[in-house]
Amino acid sequence: MASNQSEPTPTNPTMMNTTSPAAQAAGLRRAGVTDAATITALTDAAYRPWIPIIGREPGPMGDDIAALLSAPGTEVWIADLAAGPGEIPSDRTPGQAAGLVVLMSEPDHVLLHSVAVAPVAQGTGLGRRLMRFVDARALELGQTQVRLYTHVKMARNIALYGRLGYQETDRRVDEGFSRVFMAKQIG
(Lines give C-alpha, C1' and ligand atoms only; values in the text may rest on other atoms or scores of the structure.)
Protein backbone atom coordinates (compact mmCIF):
# COMPACT_ATOMS: atom_id res chain seq x y z
CA MET A 1 0.00 0.00 0.00
CA ALA A 2 2.97 2.25 -0.10
CA SER A 3 2.06 3.37 -3.58
CA ASN A 4 -1.06 4.17 -5.50
CA GLN A 5 -0.88 0.96 -7.48
CA SER A 6 -4.11 -0.81 -8.29
CA GLU A 7 -2.75 -4.33 -8.70
CA PRO A 8 -4.57 -6.78 -6.44
CA THR A 9 -2.75 -8.66 -3.72
CA PRO A 10 -3.51 -12.23 -2.79
CA THR A 11 -4.59 -11.24 0.75
CA ASN A 12 -7.30 -8.72 -0.13
CA PRO A 13 -7.62 -7.38 -3.66
CA THR A 14 -10.25 -4.79 -2.72
CA MET A 15 -7.97 -3.05 -0.24
CA MET A 16 -5.52 -2.08 -2.98
CA ASN A 17 -8.01 -0.02 -4.97
CA THR A 18 -6.92 3.59 -4.95
CA THR A 19 -10.44 4.91 -5.41
CA SER A 20 -13.88 3.78 -4.48
CA PRO A 21 -17.38 5.05 -5.19
CA ALA A 22 -17.71 5.90 -1.49
CA ALA A 23 -14.47 7.90 -1.55
CA GLN A 24 -15.47 9.72 -4.71
CA ALA A 25 -18.88 10.59 -3.22
CA ALA A 26 -17.24 11.85 -0.01
CA GLY A 27 -14.53 13.80 -1.83
CA LEU A 28 -11.69 11.74 -0.37
CA ARG A 29 -8.46 10.58 -1.92
CA ARG A 30 -6.31 7.60 -1.05
CA ALA A 31 -3.09 8.58 0.72
CA GLY A 32 0.28 7.46 -0.56
CA VAL A 33 3.83 7.65 0.74
CA THR A 34 4.16 11.25 -0.43
CA ASP A 35 1.40 12.14 2.06
CA ALA A 36 3.32 10.93 5.14
CA ALA A 37 4.26 14.43 6.36
CA THR A 38 0.70 15.66 5.78
CA ILE A 39 -0.74 12.72 7.72
CA THR A 40 1.66 13.34 10.61
CA ALA A 41 0.91 17.08 10.73
CA LEU A 42 -2.86 16.62 10.50
CA THR A 43 -2.88 13.90 13.16
CA ASP A 44 -0.76 16.06 15.44
CA ALA A 45 -3.02 19.10 15.00
CA ALA A 46 -6.19 17.10 15.60
CA TYR A 47 -4.99 15.11 18.62
CA ARG A 48 -2.68 17.63 20.37
CA PRO A 49 -5.55 19.33 22.28
CA TRP A 50 -6.24 15.99 24.02
CA ILE A 51 -2.79 15.79 25.67
CA PRO A 52 -3.72 17.89 28.73
CA ILE A 53 -6.95 15.91 29.14
CA ILE A 54 -5.50 12.40 28.98
CA GLY A 55 -2.06 13.28 30.30
CA ARG A 56 -0.05 12.03 27.34
CA GLU A 57 -0.04 11.93 23.54
CA PRO A 58 -3.01 9.99 22.18
CA GLY A 59 -2.14 6.73 20.41
CA PRO A 60 -2.42 7.96 16.81
CA MET A 61 0.24 10.61 17.45
CA GLY A 62 2.76 7.80 17.91
CA ASP A 63 1.83 5.88 14.76
CA ASP A 64 4.57 4.91 12.34
CA ILE A 65 2.98 6.45 9.25
CA ALA A 66 5.25 4.65 6.77
CA ALA A 67 4.27 1.34 8.37
CA LEU A 68 0.57 2.24 8.23
CA LEU A 69 0.79 3.18 4.57
CA SER A 70 2.50 -0.09 3.69
CA ALA A 71 0.54 -2.44 5.97
CA PRO A 72 -1.61 -5.01 4.16
CA GLY A 73 -5.27 -4.35 4.82
CA THR A 74 -4.75 -0.73 5.90
CA GLU A 75 -6.11 2.29 4.06
CA VAL A 76 -5.54 5.97 4.77
CA TRP A 77 -7.99 8.38 3.16
CA ILE A 78 -7.58 12.17 3.13
CA ALA A 79 -10.19 14.91 2.78
CA ASP A 80 -8.83 18.12 1.35
CA LEU A 81 -10.37 21.53 1.93
CA ALA A 82 -12.88 22.44 -0.75
CA ALA A 83 -14.01 18.83 -0.99
CA GLY A 84 -17.45 19.82 0.27
CA PRO A 85 -19.59 22.94 0.40
CA GLY A 86 -18.76 25.54 3.01
CA GLU A 87 -15.57 23.88 4.21
CA ILE A 88 -13.00 26.51 3.28
CA PRO A 89 -12.24 28.81 6.18
CA SER A 90 -10.97 32.15 4.89
CA ASP A 91 -7.45 31.57 6.20
CA ARG A 92 -6.88 28.26 4.37
CA THR A 93 -6.09 27.36 0.80
CA PRO A 94 -8.23 24.87 -1.13
CA GLY A 95 -6.47 21.54 -1.51
CA GLN A 96 -4.88 21.51 1.95
CA ALA A 97 -5.58 18.39 3.99
CA ALA A 98 -8.45 18.95 6.41
CA GLY A 99 -9.21 15.45 7.68
CA LEU A 100 -8.34 11.80 7.41
CA VAL A 101 -9.37 8.30 8.39
CA VAL A 102 -7.20 5.23 8.89
CA LEU A 103 -9.06 1.96 8.27
CA MET A 104 -7.85 -1.56 8.93
CA SER A 105 -9.58 -4.51 7.34
CA GLU A 106 -10.10 -7.43 9.71
CA PRO A 107 -11.71 -10.77 8.86
CA ASP A 108 -15.10 -9.86 10.37
CA HIS A 109 -15.08 -6.05 10.57
CA VAL A 110 -13.35 -2.83 9.62
CA LEU A 111 -11.44 -1.11 12.41
CA LEU A 112 -11.51 2.67 12.39
CA HIS A 113 -8.00 3.13 13.76
CA SER A 114 -8.02 6.92 13.58
CA VAL A 115 -10.17 9.81 12.47
CA ALA A 116 -8.66 13.29 12.52
CA VAL A 117 -10.07 16.67 11.56
CA ALA A 118 -7.84 19.74 11.47
CA PRO A 119 -8.88 22.31 14.08
CA VAL A 120 -9.63 24.88 11.37
CA ALA A 121 -12.11 22.44 9.77
CA GLN A 122 -13.84 21.34 12.99
CA GLY A 123 -17.49 22.30 13.14
CA THR A 124 -17.89 22.24 9.35
CA GLY A 125 -19.50 18.79 9.12
CA LEU A 126 -16.31 17.19 7.84
CA GLY A 127 -16.08 14.77 10.77
CA ARG A 128 -19.58 13.45 10.13
CA ARG A 129 -18.79 13.14 6.41
CA LEU A 130 -15.68 11.13 7.26
CA MET A 131 -17.73 8.86 9.54
CA ARG A 132 -20.35 8.31 6.80
CA PHE A 133 -17.50 7.39 4.47
CA VAL A 134 -16.23 4.82 6.97
CA ASP A 135 -19.61 3.07 6.90
CA ALA A 136 -19.82 3.17 3.12
CA ARG A 137 -16.25 1.96 2.68
CA ALA A 138 -16.81 -0.93 5.09
CA LEU A 139 -19.79 -2.02 3.01
CA GLU A 140 -17.67 -1.79 -0.16
CA LEU A 141 -15.19 -4.10 1.55
CA GLY A 142 -17.96 -6.60 2.30
CA GLN A 143 -18.16 -5.89 6.04
CA THR A 144 -21.25 -5.14 8.11
CA GLN A 145 -19.51 -3.99 11.28
CA VAL A 146 -17.20 -1.10 12.08
CA ARG A 147 -15.26 -1.05 15.33
CA LEU A 148 -13.27 1.71 16.97
CA TYR A 149 -11.66 2.61 20.25
CA THR A 150 -10.98 5.89 22.01
CA HIS A 151 -9.51 7.01 25.30
CA VAL A 152 -11.93 6.88 28.25
CA LYS A 153 -11.26 10.58 28.94
CA MET A 154 -12.36 11.59 25.44
CA ALA A 155 -15.97 11.87 26.60
CA ARG A 156 -16.96 14.23 23.79
CA ASN A 157 -15.87 11.66 21.20
CA ILE A 158 -17.56 8.79 23.04
CA ALA A 159 -20.83 10.75 23.04
CA LEU A 160 -20.47 11.59 19.34
CA TYR A 161 -19.84 7.96 18.42
CA GLY A 162 -22.93 6.99 20.43
CA ARG A 163 -25.03 9.49 18.47
CA LEU A 164 -23.65 7.95 15.26
CA GLY A 165 -24.90 4.48 16.25
CA TYR A 166 -21.84 2.99 17.96
CA GLN A 167 -22.38 0.95 21.11
CA GLU A 168 -19.82 0.40 23.81
CA THR A 169 -18.54 -3.18 23.87
CA ASP A 170 -15.68 -3.02 26.37
CA ARG A 171 -13.44 -0.85 28.56
CA ARG A 172 -9.90 -1.94 29.30
CA VAL A 173 -6.28 -0.94 29.30
CA ASP A 174 -4.86 -1.64 25.85
CA GLU A 175 -1.30 -0.79 24.78
CA GLY A 176 -0.98 1.34 27.92
CA PHE A 177 -4.13 3.39 27.23
CA SER A 178 -7.44 3.25 29.10
CA ARG A 179 -9.75 2.68 26.15
CA VAL A 180 -13.43 2.42 25.36
CA PHE A 181 -14.17 -0.05 22.57
CA MET A 182 -17.25 0.51 20.41
CA ALA A 183 -18.94 -1.21 17.48
CA LYS A 184 -21.61 -0.36 14.95
CA GLN A 185 -23.61 -2.67 12.73
CA ILE A 186 -24.09 -1.29 9.22
CA GLY A 187 -25.81 -2.35 6.03
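Predicted model: local features only at pLDDT ≥ 70, side-chain atom pairs only at ≥ 80, totals over all residues.
**Notebook: a sheet and its helices**

Residues are numbered from 1 along each chain as its sequence is written, and side-chain values use heavy atoms, with hydrogens and water left out.

I then looked up the strands around that pair. Strand 2 (residues 74–80) pairs with strand 3 (residues 97–105) in the antiparallel sense, over 7 bridges. Pairing takes at least two DSSP bridges between the strands. Strands are DSSP runs of E with at least two residues, helices are runs of H or I with at least four, and both are numbered from the N terminus.

I found an open sheet of 7 strands with mixed pairing, in the order 1-2-3-4-5-7-6. Strand 1 (28–30) and strand 6 (167–174) are at the edges with a single partner strand each, so one side of each has no neighbour in the sheet.

What packs on the sheet, touching strand 1 and strand 2 among others? I got helix 5 (residues 126–140), whose direction makes about 25 degrees with that of strand 3. Touching means contact, heavy atoms within 4.5 Å. Angles run from 0 to 180 degrees between N-to-C directions, with axes fitted to C-alpha atoms, for helices over the stretch in contact. Helix 6 (residues 155–163) lies across strand 4, strand 5 and strand 7, at about 165 degrees to strand 5.
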